[in-house]
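Hi,

Here's the structure I promised to pass on to you.

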Amino acid sequence: MAEETLDVEAQTNGAEPKRKSLSPEAARTLTTTTKSVPQMQAISSRWLLRVLPWVQVSGGAYRVNRRRTYTVGDGRVTFTNTGAEVRVIPQELRELPMLRSYEDLEALTALADKFTQKEFSAGATIVEAGGPADQVLLIAHGRVERLRPGRYGDDNVLEVLADGDHYGSQTVLESDDRWDSTLRAATDTIVLSLSQKDFEQLVERYEALGAHIESIRGLLRQPTNRTGEASIELASGHDGEPVLPGTYADYEVAPREYQLSVAQSVLRIHSRVADLFNDPMNQTEQQLRLTIEALRERQEYEMVNNRDFGLLHNAELKQRIITRSGPPTPDDLDELLSRRRATKFMFAHPRTIAAFGRECNKRGLYPGNADLLDSAVPAWRGVPLLPCNKIPIGEDGTTSIIAMRVGEEDQGVIGLHQTGIPDEYQPSLNVRFMGISEDAIISYLVSAYYSIAVLVPDALGILENVEVRR
């Protein structure tokens with residue numbers, strides 16, 4: 001009775017009561033714990049690396065041979081502004097097809113000075129179909145719809161132009177031609193215009209510019225197929241004994257070569273750690289595993305964003321389209337899919353996929369799923385829409401969606417690597433011992449070799465200016 005009274009008094013006074021059994025804290029001193037391997041939040045699904053077909057590049061470089069093309073290159077123009085005054089950067093005029101590879105800065109500056117700034121409010125007509133095509137138009141800011149009358153009286157939207165796009169760059173090379181479509185401002189728009197008269201005066205003033213323009217005219221006169229490749233002359237539907245055309249398939253003289261890129265890091269481990277602290281997990285193996293995960297994440301990032309070979313910077317301008325209204329709608333994805341045959345995969349940031357789901361919900365549509373590598377993934381029109389958090393979202397809340405055809409057999413997009421390299425740890429990734437320093441630190445060089453190639457331009461397409469915050 002006295003002991004019970006003491007226990008009650010101890011509890012009342014806040015003192016710890018006398019234990020009747022061994023505490024868990026004391027018991028744990030005689031036990032071991034079950035441990036997980038080190039976890040890493042930055043690991044993503046890396047679908048791009050998983051679904052790309054990889055091609056062995058034994059010599060460290062991959063050459064993409066194509067038929068010769070006479071289509072003059074295309075590009076986007078960059079501008080500068082002082083207050084409300086907008087001016088095109090002279091060197092950026094080389095993005096126009098007629099000035100591709102022209103390098104005379106004096107003539108380019110004179111051309112840039114001849115562009116005049118025009119502003120249009122939303123809904124205003126910039127040029128009218130059938131009117132004289134006597135100017136080059138640069139879209140400095142805003143969105144412009146290119147329209148053509150439909151059979152039933154309404155206007156069909158052929159494409160949407162935005163910042164940096166241009167229109168009518170070849171009209172100044174010809175006389176008395178007409179606009180084949182109407183340009184209408186979808187938002188408040190700033191346009192820079194160069195008249196044919198000013199252009200012709202500068203061509204007469206600068207002899208080198210005139211020679212360059214004449215060579216471009218000759219290039220445009222070459223017979224080509226619908227994709228701009230040098231024509232292969234054929235005869236069909238004839239009878240009797242006509243003289244058949246002679247022909248050959250011409251090749252590009254300077255095809256592009258993709259060099260294998262590399263992502264590297266030096267892993268350092270103290271010899272004491274590597275020798276003693278290996279039960280139940282090997283410290284060197286765990287350090288190496290996490291380092292390789294980080295390298296693979298960087299590899300996928302470079303394959304999307306690298307300015308030399310990354311997907312976002314290697315899509316042809318004709319394969320880049322802009323959303324009709326901002327958010328990614330089913331109409332936009334249909335347009336993206338229609339630009340190529342046999343689209344195999346689409347890639348988008350997870351937030352973009354969520355935005356697409358919202359647009360489908362507004363229309364009462366339910367995107368399907370596709371089975372891919374034992375996983376159910378979102379799909380549209382049967383094409384998997386795979387998450388890729390390496391596709392950036394800009395400060396203005398816009399991003400891109402990538403669509404591609406893959407494989408050498410389909411003239412698509414392929415991954416490049418080299419297996420069988422010295423000290424290979426994974427395909428095209430090696431771990432090389434670098435020695436032990438005087439501080440007893442062991443060093444390993446971890447290297448991943450990779451690249452990505454687009455075999456033909458229409459294998460890769462991008463939906464740009466996709467808004468995900470609306």
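Below is what I found when I went through it.

One thing to keep in mind from the start: this is a predicted model.

**The seven-stranded sheet**

Let's begin with a sheet that is open and has seven strands, in the order β15-β25-β20-β16-β19-β18-β17. Its pairing is mixed. In general, strands of a sheet pair through backbone hydrogen bonds, and they can do so parallel or antiparallel. At the edges of this sheet sit β15 (320-322) and β17 (369-372), each with a pairing on one side only. On average, neighbouring strands here are turned by 35° against each other, if you ignore direction.

Helix α10, residues 330-338, packs on this sheet. The helix touches β15, β16 (345-348), β18 (375-380), β19 (383-387), β20 and β25, and its direction makes about 160° with that of β25.

Which residue of β25 is the bridge partner of T398? That's E467.

**A hairpin and its other neighbour**

Next, go to strands β8 (residues 144-149) and β9 (residues 155-161), which pair antiparallel over six bridges. R148 has N156 of β9 opposite. The two strands make a hairpin with five residues between them, and G153 in the turn has a positive phi of about 95°. β8 is also joined to strand β11 (residues 182-185), antiparallel again, by four bridges. There, R146 stands opposite L183.

- R381 isn't a glycine, but its phi is positive, about 55°. You'll find R381 in the loop between β18 and β19. It counts as exposed because its relative accessibility is 59%, and the cut-off for exposed is over 50%.
- N465 isn't a glycine either, and its phi is also positive at about 55°. N465 lies in strand β25, and it is partly exposed, with a relative accessible area of 31%.
- The peptide bond from D279 to P280 is cis, with omega near 15°. P280 is in the loop between α7 and α8 (283-305).

**On the surface**

V273, L276 and F277 make a nonpolar surface patch of about 280 Å². V273 belongs to helix α7, residues 271-276. Is V273 buried or partly exposed? Partly exposed, since its relative accessible area is 31%.

**Sequence distance and space**

Finally, compare two pairs of residues. L373 is in the loop between β17 and β18 and is partly exposed at 45% relative accessibility. How far apart are L373 and W47 in space? They are 326 residues apart in sequence, and their C-alpha atoms are 10.0 Å apart. Leaving out residues up to four places away in sequence, L373 touches W47, R50 and V51.

Now take P24, which is in helix α2 (residues 24-27) and is exposed, with a relative accessible area of 53%. P24 and P327 are 303 residues apart in sequence, and 56 Å apart in space from C-alpha to C-alpha.

Happy clicking!

Notes: Residues are numbered from 1 along each chain as its sequence is written. This is a predicted model: local features need pLDDT of at least 70, side-chain atom pairs count only at pLDDT 80 or more; totals for chains, interfaces and linings use all residues. Side-chain values use heavy atoms; hydrogens and water are left out. Two strands pair if DSSP finds at least two bridges between them. Axes are lines fitted to C-alpha atoms, for helices over the stretch in contact, and angles run from 0 to 180 degrees between N-to-C directions. Contact means heavy atoms within 4.5 Å. Patches are made of residues with over 30% relative accessible area and no salt bridge: like charges are joined within 9 Å, nonpolar side chains (Val, Leu, Ile, Met, Phe, Trp, Tyr) within 5 Å. Accessible areas come from the Shrake-Rupley method with a 1.4 Å probe; for residues, only the protein chains shown count as cover. A salt bridge is a side-chain nitrogen of Lys or Arg within 4 Å of a carboxyl oxygen of Asp or Glu. Buried means under 20% relative accessible area, exposed over 50%, partly exposed in between (1.4 Å probe, protein chains only).
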